[in-house]
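Here are a few notes to read with the structure open beside you. Take the points one at a time and find each residue as you go.

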Amino acid sequence: MDYFFQQLINGLTLGGVYALVALGYTMVYGIIQLINFAHGEIFAAGGYLGVILLSYMASQGLMDSHPWFGLAFALILAMGYCAMLAMGVEKVAYKPLRQSSRLSVLLSALGMSIFLQNGLMLTQGVYDKAYPTEFTHGGFEWLGVRVSFMQIGILLVTGWWDVLMAYAR
């Protein structure tokens, strides 16, 4: 039974990440009326930048005293990077095609997705990056189920964002 509840927590956390990506997709579609195939790659680029920043700060000893400050700093920089990358993609791939057919814009979005995937693969490699352990090891255990602070944070952000979007309608 412990195994079931552990997997339930893990599944809710992964579902929370998927929900945040899906909310981003729907927001972009609602604004520009285009399925942005490059949205996942922009999300991944922000994730890579966040891991790189956190790993650098951990290697310099900046995460020892205030790890949550470092996480907030990396999160803000990654969000800013994603916003700039998305604006660049829109300016290069989507805006010049505003008056053309929907198919050409769709193909441009697909091409941008492939371009960003290959760019990430060339710059970051094809292997996983290790996340700094300061955030994944902390947590608590209750009735044989281990819940990390990162899982709690993901669930809180997902719930907060979902409530915010419900009131925005």
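1. Let's begin with a tryptophan. Trp 161 has a relative accessible area of 25%, so we call it partly exposed. Trp 160, at 52%, counts as exposed. Keep in mind that this is a predicted model.

2. Now for the ring pairs, which number 2 here. In one of them, the rings of Phe 4 and Phe 5 have centres 5.3 Å apart, and because their planes sit at 70°, the pair is edge-to-face. Phe 4 is partly exposed at 49% relative accessibility, and Phe 5 is partly exposed too, at 36%.

3. Back to Trp 160 and Trp 161: their ring centres are 5.6 Å apart and the planes are at 55°, so this pair is tilted. The cut-off to remember is that edge-to-face needs an angle over 60 degrees.

4. Next, look for the largest pocket, with a volume of about 1900 Å³. It has 43 lining residues, and those nearest its centre are Leu 20, Phe 43, Gly 47, Leu 75 and Met 79. Helices H1 (2-32), H2 (39-59), H3 (67-94) and H5 (149-168) each give two or more residues to this lining, and H3 gives the most, with 13. By class, the lining has 32 nonpolar, 8 polar and 3 charged residues.

5. What is the volume of the second largest pocket? About 170 Å³. Its lining includes Glu 41, Tyr 48, Tyr 81 and Gln 124. H2, H3 and H4 (102-124) each supply at least two of the lining residues, and the lining splits into 8 nonpolar, 3 polar and 1 charged.

Definitions and conventions
Residues numbered from 1 in each chain as written. Predicted model: local features only at pLDDT ≥ 70, side-chain atom pairs only at ≥ 80, totals over all residues. Heavy atoms only, no water. Phe/Tyr/Trp six-rings, centres within 6.5 Å; stacked < 30°, edge-to-face > 60°. Buried < 20%, exposed > 50% of the residue type's maximum accessible area, 1.4 Å probe, protein only. 1 Å grid on protein atoms, 1.4 Å probe; cavity = no way out; pocket = protein on both sides within 12 Å on 5 of 7 lines; lining within 4 Å. Points joined across faces, edges and corners; volume = space filled by probe spheres on them. Helix = DSSP H or I, 4+ residues; strand = E, 2+ residues; numbered from the N terminus. Nonpolar A, V, L, I, M, F, W, Y, C, P; charged D, E, K, R; others polar.
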